[in-house]
Amino acid sequence: MSLERYPVIVPDQDYYRQMVKCQAACPVLTDARGYVTAVAQGNIELGYQIARDPNPLSTICGRICGAPCEVACRRGSIGPDHEPVAIRPLKRVVTEQYGPEAFLRLPGTIEVPVIQSNGVQPVSGQDFSTGPWSRHTLEVLAAQPSRKRGSVAVIGAGPSSLATAHDLSVLGHRVEIFEAGPKSGGMIRYGVPIYRMDWEAMDSEVQAIVDLGVKIHYDTRIGETITLKELRSDFDAVFLGIGLMQGRKLNVEGSDLDGVVPAVDMLLNYNLGYQVQLGKRVVVVGGGDVAMDAARTALRLGMATEEQTEALEDKDARLDEEADTVRTALDVARTALRLGVGNVRVIALESWDELPASRFELEEAEEEGIHITPRLGPVRVLGENGRVTGLEVIDVAAVFDDVGRFNPRFVPGTNQVLECDSVILAIGQTADLAPLKGAEDVEISPRGLVAINQETGQTSAQDVFAGGDVAYGPRMIIHAVRDGHIAAWAGTTGT
Ligand SMILES: Cc1cc2nc3c(=O)[nH]c(=O)nc-3n(C[C@H](O)[C@H](O)[C@H](O)COP(=O)(O)OP(=O)(O)OC[C@H]3O[C@@H](n4cnc5c(N)ncnc54)[C@H](O)[C@@H]3O)c2cc1C
């Protein structure tokens, strides 16, 4: 008998934890099974405690979390007739009744008797999470009389920053957030279209964090109003949660014409209430930046470069990025419809089956009137008098090669022009690292992100931590929350 053939597993605690797939899949280890069961038993309050314990942004997540728990849910793998448990909507049910947004119904007839304004049940005294960042654990630590308390400047008011500010504040540190924009929430406010997120509910969740003693300075861009150097001398530590606020550019002929707009710029302007003029016909180009680079090179040379192929072989990272850009493409397309654009088309390199979006998301967009055309690659933007008039595209023969590597090939002679007034680029985002000017001791990774120790969130500079998209590239809100926890926790253990 060989060990390889008959591997023996001696089950330890971790083994059993991995068996609870929904919980293991959640970056903050939320006990989804626990709160779903509590809801089924009619104990919504307990359900809220369980859902909220590891996640100070449970209200936001109950609405738009990417829900890796549902992907992992065992029920979804029973067979084709079974769907995963609707974990995310159930989180919404519990937060609506017991989360900070329940206060929005006050003063009214609905009683919310025992929840504090910070949205946490004060009477639980119980640990509902296997992560070290459980609210209960933080409170126990905070109560230690010998605990050292310091001051932390947090740059950006997105999910990673809000989570770290929450934990640090519960631990008794002085926390000040410096946010470039006029509002909190980061990409949830500036990127996610309003029809997907309830801003009032989000504001109540941010307010619960502010109520812990966190101060937020709005319209304060670090690098302009105040420098990182100044913050480092005024505070014991700094957390960088500045996200990826710049849209990537498409490096093809005509991409500097008027009417070529990065998706994030368009969403940000729309969400902040500024005027956005797109014309009557819009083409949205979807796809991750690495995929786009490879596609462009393939178009010119007939193949992707070795470097690009290597980058694309990191399939998980690529799929994450692609999923993110498809989601952004759909968001921006649906927003364009709401701005009155009559004809909105999304093009993508992948075929229907390869598109990293759920069938439901695609169908919903089509039902709204968006034309999704898979297997088309952008060749160049056409224009007249400096303005876009169309996008030349070419058919994609295959996106993956025989061994399953991403290696797009095109069908020669299939070029056609999609006439349009605007081309929106949903091809990924980059970090604006201007605030790091003068902080040469903070290393930048080859991907143009802030390099961190993933166990602690610490950068190469001892007093500077980072997390969220600026450290990992585009991911989900719940990952950013985990990063915030990790950085706060690292400070706690004195790392
Ligand atoms: C269109 C779109 C839709 C998405 N939809 C979903 C979804 O449905 N579900 C999901 O789970 N995830 C979604 N995501 C991903 C999610 O929004 C991000 O992963 C998450 O917001 C990243 O959080 P963060 O804290 O890293 O930074 P961000 O949310 O990007 O926030 C960064 C903050 O830093 C501020 N900032 C930047 N520079 C400075 C500076 N110099 N000084 C001060 N402040 C600064 C910015 O103004 C911003 O407020 C979506 C992303 C996009 C773009």
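Predicted model: local features only at pLDDT ≥ 70, side-chain atom pairs only at ≥ 80, totals over all residues.
Biologist: How many bridges pair S11 with strand S12?

Modeller: Residues are numbered from 1 along each chain as its sequence is written, and side-chain values use heavy atoms, leaving out hydrogens and water. Helices (H or I, at least four residues) and strands (E, at least two) are DSSP runs numbered from the N terminus, and two strands pair if DSSP finds at least two bridges between them. S12 covers residues 406–410 and runs antiparallel to S11, and the bridges between them number three.

Biologist: Which residue in the turn between S11 and S12 has a positive phi?

Modeller: These two strands form a hairpin with five residues between them. Phe406 in S12 stands opposite Phe400. The turn residue with a positive phi, about 85°, is Gly404.

Biologist: Which residue in S13 is the bridge partner of Gly390?

Modeller: S13 (residues 416–419) pairs with S11 in the antiparallel sense over four bridges. Gly390, in S11, also stands opposite Leu382. Its bridge partner in S13 is Glu419.

Biologist: Is Trp489 buried, exposed or partly exposed?

Modeller: Trp489 lies in helix H19, residues 477–492. Beyond its neighbours within four places in sequence, Trp489 is in contact (heavy atoms within 4.5 Å) with Pro132, Thr137, Leu138 and Leu141. Buried means under 20% relative accessible area, exposed over 50%, and partly exposed in between, using a 1.4 Å probe and protein chains only. Because its relative accessible area is 24%, Trp489 is partly exposed.
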